[in-house]
Amino acid sequence: MPTSSTHRGGFGTHGGTSAAFIERAFREKIVLVGVTLDGYDAARTAADLDELSQLITTAGADEVGRISQRRNVPDPATYIGKGKVEEILERCQALDADTVVFDDELTPAQQFNLEKILGRTAIDRTAVILDIFAQNAHTLEGQAQVELAQHRYRLPRLRRSGGFSQQAGGIGTRGPGETQLEVDRRRIQRRIHKLEAQLRNIAKNRNVQSRSRRRSAQSTVAIVGYTNAGKSRLLNRLTGADVLVQDRLFATLDAATRRLQLPGGERVLLTDTVGFIAKLPHQLVEAFRATLDVVCEADLLLHVVDASSHLDSQVHAVRKVLNEIGAGNVPELLVYNKCDLSSTQPVPVGAAKAAKAISVSAATGEGIDKLLVAMASELRTDAQIVELLVPFARGEVLAAVQRSGHVLCTDNTATGYRVQARLDQVSAARLAEWVVS
């Protein structure tokens, strides 16, 4: 039987020099494993395995088989039990599989035991998602966030790969030396601290930009949703942007912000964000928390849902992440995208039933006008029409009114400009000195 040090898989001992969890020098053959625990539905497990297969394809590998199991609780040693491990081993040998991927997160001990028995790499959904993120991150911040998540995942999974490789060199300092495992662990910890400091500096710069936007009182709208729901295409359709659009999972990791003018004349900032997925690794949520602050600070969320997919499960997965990052109370407008690909009107159920919803097609433009009107209506919920009298000499106040809201009409009087504008409560309070009614 082959050993875990000789298989062709890319993850190896979980502590090598390669940043990839899946080898891309060739197309790895993957066997998928899904477990239905007590209280869960087998159909849901099958759907999760279908999604995992898509993730595997996106990562650059091929599914050659899948195995499912029903258990009351996970086995502490191997997650699936000794008998099932033997069944997987036989299947892998028959299919000449390189790697086994589990749909649920494995502990470091479970991974070690599985690889020891199977003689090949055993990884989980988390490792696959991290691998895809590493492929798709292009900006300095995105690459740092992904690398940080990878190191946090790798650290507890380091393995002893050799003997005592570090020896002191002076008299009185010679000893048994330091194991390579300890050297690798300290190297990764130093890198984690460096990445955390780098991301803190980036977050400070973003906070300065955020304060500048708040001073201008310009509303912000964040596009959120499940991965591959069509968020980037919707941003392009609404704003005329040229953000990369691909029919693949996690094509967008780097946030993009564009200006948008609504039908009432209001100008808002529209931001495309990273897509979410069921069982999103907590390492990624923590690493991307600074980027996701734009979601928490938004005035409105456009929650994009693929109308041709599993509506309720995807909505639930997205809202779970939103609650985790502290954005659960931000006003939300459901946007059922890809309605041109669905023959029936989506029917909200469960988690999606209580929200307001608009059906659109970002590809054809169908329903976009209704969406813009709905966005304007939602953003005006706390707005009020006020009348201000601004002296001719105070042009900066008039400019502040125009930045803060939507000017409905302006008249010249003997003492200054009489302005009727729609302002939110914060802007109206800031300009209260000039409000006449």
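**Close-up views of a predicted model**

In this predicted model, residues 24 or more positions apart account for 69% of the contacts in the chain with a separation of 6 or more. The chain has 437 residues, and 51% of them are buried. Its secondary structure consists of 13 helices and 15 strands.

**View 1. Strand 14 pairs with strand 15 (residues 416-424).** The two strands run antiparallel and are joined by six bridges. Within this pair, Asn412 stands opposite Tyr417, a residue of strand 15.

The next two views each show a pair of helices. Two packed helices are described by the angle between their axes and the distance between the axes.

**View 2. Helix 4 (residues 125-136) crosses helix 5 (residues 140-154).** The two axes come within 9 Å and cross at roughly 155°. Angles over 145 degrees count as roughly antiparallel, and helix 4 and helix 5 are therefore roughly antiparallel to each other. The crossing of helix 4 past helix 5 is left-handed. On the helix 4 side, the residues in contact are Thr126, Ala127, Leu130, Phe133 and Ala134. They meet Val146, Ala149, Gln150 and Tyr153 in helix 5. Sorted by class, this contact has seven nonpolar residues, two polar ones and no charged ones.

**View 3. Helix 7 (residues 231-239) packs with helix 11 (residues 368-379).** Here the angle is about 85°, and the axes are 11 Å apart. Angles of 65 to 115 degrees count as roughly perpendicular, which makes helix 7 roughly perpendicular to helix 11. Helix 7 contributes Leu234, Arg237 and Leu238 to the contact, and these meet Ile368, Leu371 and Leu372 in helix 11. By class, the residues of this contact divide into five nonpolar, no polar and one charged.

Terms used: Residues numbered from 1 in each chain as written. Predicted model: local features only at pLDDT ≥ 70, side-chain atom pairs only at ≥ 80, totals over all residues. Heavy atoms only, no water. Pairing = 2+ DSSP bridges. Helix = DSSP H or I, 4+ residues; strand = E, 2+ residues; numbered from the N terminus. Axes fitted to C-alpha atoms, helices over the stretch in contact; angles between N-to-C directions. Parallel < 35°, antiparallel > 145°, perpendicular 65-115°, else oblique. Left-handed = near helix turned anticlockwise from the far one by under 90°. Contact = heavy atoms within 4.5 Å. Nonpolar A, V, L, I, M, F, W, Y, C, P; charged D, E, K, R; others polar. Buried < 20%, exposed > 50% of the residue type's maximum accessible area, 1.4 Å probe, protein only.
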